[in-house]
Amino acid sequence: MIKLKNVQVKVGNFNLEQINLVVSKGEYTVILGPTGAGKTVLLESIAGLHNVYQGKILLDGKDVTNTVPEERGASIVYQDYTLFPHLTVKENIVFGLKVRHMARPKITEALESICGIFEIQLLLKRLPGTLSGGERQRVALARALITKPEILLLDEPLSALDAESREGVRSLLKNTQQKLGITTLHVTHDFEEAMSLANNIVVINGGKIVQIGKPTEIFYHPSSEFVARFTMARNIFAGKIVHQDAPRIIFQYNGIEISVLSDKTAAQHAVIRPEMIQVTLEKPMATPNTFPGTVKSIVDRGANILLTIDCLPEFECLLPRKQFENMTLSTGKQVYINFLPSSVHLI
Amino acid sequence: MPKFARKAGVFFIRHRLQVVFSIFSLLIILFVLFPLAKIVFLSDKTALWQSLKDITVIKSILLTLYAALITAVIGFILGVPFAFILARYDFPLKGVVDGLINLPIVVPHTAAGIALLFVFGRNFLLGKWFDSIGVHFVDSLAGIIIAMLFVSVPFLVNSARDGFRKVDVRLENVARTLGASPWQVFRRVTFPLAWRSILAGTLMMFARGISEFGAVIILTYYPMVTSVLIYERFASYGLTQAVPIAAILIIICALIFIGFRLFLQRDKKRD
């Protein structure tokens, strides 16, 4: 278990402030935030690589705030190129056992078992420079896990990989973590990566935690405009509640009225995720939140199509490719959009 | 206009920067190599042979190599940790310290010798203390070594510091979290990754030690290192006596350098 109590860290001009965080044993937690938010500093602080200015870090109930990194039992895996370039794959993997002066037969045994998990037997004699991105990351994970750490710290482990190997390493991460039950803290700026791996997501910005929750909570109920934007909610309208008849609310933005189902009594923003908006050619029958508009732009994103529909405010909608093709949409075309009152989240 | 001239004109216009820069480069290469080559190839072969049989010359060459070697070893032991500190840690006045270490390169070496005399001379500070334990810095091997050390250590520190800077700190971080102590990290990760720069710096230091004259002559005229011997022969007997020894010293330095280059290249290929 990882527990951070009011942790404050200063690195140069950057400050991590008042970090309170609990990661339960065996849980996979993702720290999500933009570049420069302090994610890596947070991870490195847990690993013991930065001095904690204030507060406490507990690993499995033990106060390790002033413990040196080599005695914390927390292995870190960075984004790229952090295999020791002068050592072979095998020497890289057994590094952690060698520095602990483990007996040779035991090292061989541990090496065999970890190679089985990560399927890297054939790479052992090679130098890191000759490996592909995916292979490197598998070796780095094997090296981190062979020492049987209590905690695995991953710093953007998928960012340097191409789409295909990213998929492979992602499922490898998930499966190994579940198999070994190792407490994992994974840092990323990629929201989809966080959604697909995390039991819990911690959103961090400017050195502060801004929201902690299950992936669906972060996804559907962002606590602030920042989180909403960062999780690609896209349709974020600043306005006010004009009518309230709990749980029915009318939220007004720039003259248009949006029906909302919520128990909130005050709100400045209404958030509607782009994939929650239906686009139709015909006017749907008497549903609330139906607005006519014209297609302003079409962005092809492969599996999905991102449409901007001008209905006075602009709405961004995400359509599955198949549906888009069936509708034969083009810019300038008249359409209707509608969304359920329960799909609107108020902040 | 003949075809060739037109082609040359086009070539010049397309590559004028390279052409102009190449001419300047050629000048500087000639300026450095020509005198060295001339002294080696035009010196009288019998005189060269005579010098090689001269016990004073042999003794002085061996003394020079020996002193430069000890200097390089001392420089390595003291300079590598300093270079590592400069590369890895921030401390007050770091910029000043980083610049000051290069002072020995810019001050006149005779002035450096006199400055050293003020500290290590028998009547001064450290000199007095060393004198009490039987180490003298004037007219002795120790004097040669401190003179060589003073003027050559910046080469090692600069090179090693740059080498350490090139090693990704994250590699050291990973090693720590894998259970390695700071000493183990240095021995198994940082040093092996920076060793090429460190070796290059040590060799530069060694070579600089061999060629040092100004600071050495102030502290130690006798026993004579080769550069002092060349000067002495030149001053007492003129050019003919000085040339063969100069040629020998140049050949030795060139051989060390070529050997080192070949070694580094072979090692690079292996990587």
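This is a predicted model: local features need pLDDT of at least 70, side-chain atom pairs count only at pLDDT 80 or more; totals for chains, interfaces and linings use all residues.
Biologist: Which domains are assigned to chain A?

Modeller: The assignment for chain A gives domain 1, covering 2-230, and domain 2, covering 237-346. Their C-alpha centres lie 38 Å apart.

Biologist: And which domains does chain B have?

Modeller: Chain B is assigned domain 1 at 1-42 and domain 2 at 43-270. The centres of these two domains of chain B, taken over C-alpha atoms, are separated by 35 Å.

Biologist: How many residues are in contact between domain 1 and domain 2 of chain B?

Modeller: Four residues of domain 1 of chain B contact six residues of domain 2 of chain B. On the domain 1 side, the four residues are nonpolar, with no polar and no charged residues.

Biologist: Turning to the contact between the chains, how many residues does each chain give?

Modeller: Chain A gives 18 residues and chain B gives 15 residues.

Biologist: Which elements of chain B give two or more residues to that side?

Modeller: They are helix 10 (169-177) and helix 11 (182-211) of chain B. Helix 10 of chain B gives the most, with seven residues.

Biologist: What classes of residue are on the side of chain B that touches chain A?

Modeller: That side of chain B has eight nonpolar, five polar and two charged residues.

Biologist: Staying with chain B, how do helix 4 and helix 9 cross?

Modeller: The axes of helix 4 (residues 55-88) and helix 9 (residues 141-166) of chain B come within 7 Å and cross at roughly 35°. The crossing is right-handed. The contact of these two helices of chain B has 21 nonpolar, four polar and three charged residues.

Biologist: Now the sheet in chain A: what is the strand order?

Modeller: The order is 6-7-8-3-9-10 in an open sheet of six strands with mixed pairing. From one strand to the next, the twist averages 20°.

Biologist: Why is one side of strand 6 and of strand 10 of chain A left without a neighbour in the sheet?

Modeller: Strand 6 (74-77) and strand 10 (208-213) of chain A stand at the edges, and each has a single partner strand, so one side of each lacks a neighbour in the sheet.

Biologist: In which sense do strand 9 and strand 10 of chain A pair, parallel or antiparallel?

Modeller: Strand 9 (residues 200-205) and strand 10 of chain A pair in the antiparallel sense, over five bridges. A:Val202 stands opposite A:Ile212 in strand 10 of chain A.

Biologist: Which strands does helix 5 of chain A lie across?

Modeller: Helix 5 (residues 133-145) of chain A lies across strand 6 and strand 7 (151-155) of chain A, and runs at about 170° to strand 6 of chain A.

Key
Residues are numbered from 1 along each chain as its sequence is written. Chains are lettered from A and ligands numbered from 1 in the order in which they are written. Two residues are in contact if their C-beta atoms, placed from the backbone, lie within 7 Å. Helices (H or I, at least four residues) and strands (E, at least two) are DSSP runs, numbered from the N terminus. Ala, Val, Leu, Ile, Met, Phe, Trp, Tyr, Cys and Pro count as nonpolar, Asp, Glu, Lys and Arg as charged, and the others, Gly among them, as polar. Axes are lines fitted to C-alpha atoms, for helices over the stretch in contact, and angles run from 0 to 180 degrees between N-to-C directions. A crossing is left-handed if the near helix is turned anticlockwise from the far one by less than a right angle, and right-handed if clockwise. Domain bounds come from an automatic or database domain assignment. Two strands pair if DSSP finds at least two bridges between them.
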